[in-house]
Amino acid sequence: MVLLPMETLSDDATTIAEIKTRVLAFARERDWEQFHAPKNLSMALAAEAGELMEHFLWGSSDDSRQMLADPKKRAKIEEELADVVIYALEFANMTGIDVAAAIERKMAANAAKYPVEKAKGRADKYTEL
């Protein structure tokens with residue numbers, strides 16, 4: 001898939017594979033694969049997750065929801081989320097992980113750990129259900 005620089009992507013019309021391809025092409029154009037060892041990418045992913053969390057630090061749950069109504073704050077939060085997802089997809093690229101298959105396996109495992117009849121409406125860890 002060839003994407004024009006100004007092409008608009010959306011969740012409804014774009015596959016994970018298309019985004020992974022775009023992320024990989026971006027890294028390759030810059031010769032960054034040499035730096036993208038799993039260790040480095042996992043650290044970058046954690047750092048970006050921290051930057052995402054920083055927007056919500058010291059606020060309440062309600063504050064975090066209201067913050068997203070402010071267009072300027074929302075744009076910054078979207079940028080941080082994009083960084084997290086980009087690093088996660090590049091991690092998948094560099095390690096050969098099929099993201100959809102990994103998610104499917106994890107969701108099945110979570111369904112077994114958190115059966116609806118025990119977990120519905122509860123925030124308890126599976127060992128406490």
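Which element gives the largest share of the lining of the largest pocket? That's H4, with ten residues. This is a predicted model, where local features need pLDDT of at least 70, side-chain atom pairs count only at pLDDT 80 or more, and totals for chains, interfaces and linings use all residues. Numbering runs from 1 along each chain as its sequence is written, and side-chain values use heavy atoms, with hydrogens and water left out.

**Pocket**
- The largest pocket has a volume of about 850 Å³ (a pocket is an open set of points on a 1 Å grid over the protein atoms alone, where a 1.4 Å probe fits, with protein on both sides within 12 Å along at least five of seven lines).
- Its lining counts 23 residues, with Ile 19, Val 23, Ala 82, Val 85 and Ile 86 nearest the centre (lining residues have an atom within 4 Å of a point).
- Helix H1 (16-29) and helix H4 (71-95) are the elements giving two or more residues to that lining (helices are DSSP runs, H or I, of at least four residues).

**Aromatic pairs**
- There are two aromatic pairs (ring centres within 6.5 Å; planes over 60 degrees apart count as edge-to-face).
- Phe 26 and Trp 32 are edge-to-face, because their planes sit at 70°, with centres 5.7 Å apart.
- Tyr 114 and Tyr 126 are also edge-to-face, at 5.9 Å and 80°.

**Charge over rings**
- Arg 30 has its charged end over the ring of Phe 26, 3.5 Å from the centre (the rule wants NZ of Lys or CZ of Arg within 6 Å of the ring centre and within 35 degrees of the ring normal).
- Arg 30 also lies over the face of Trp 32, 5.9 Å from the ring centre.

Key
Grid points are joined across faces, edges and corners, and a volume is the space filled by probe spheres set on the points. Rings of Phe, Tyr and Trp (its six-membered ring) pair if their centres lie within 6.5 Å; planes under 30 degrees apart count as stacked, over 60 as edge-to-face and the rest as tilted.
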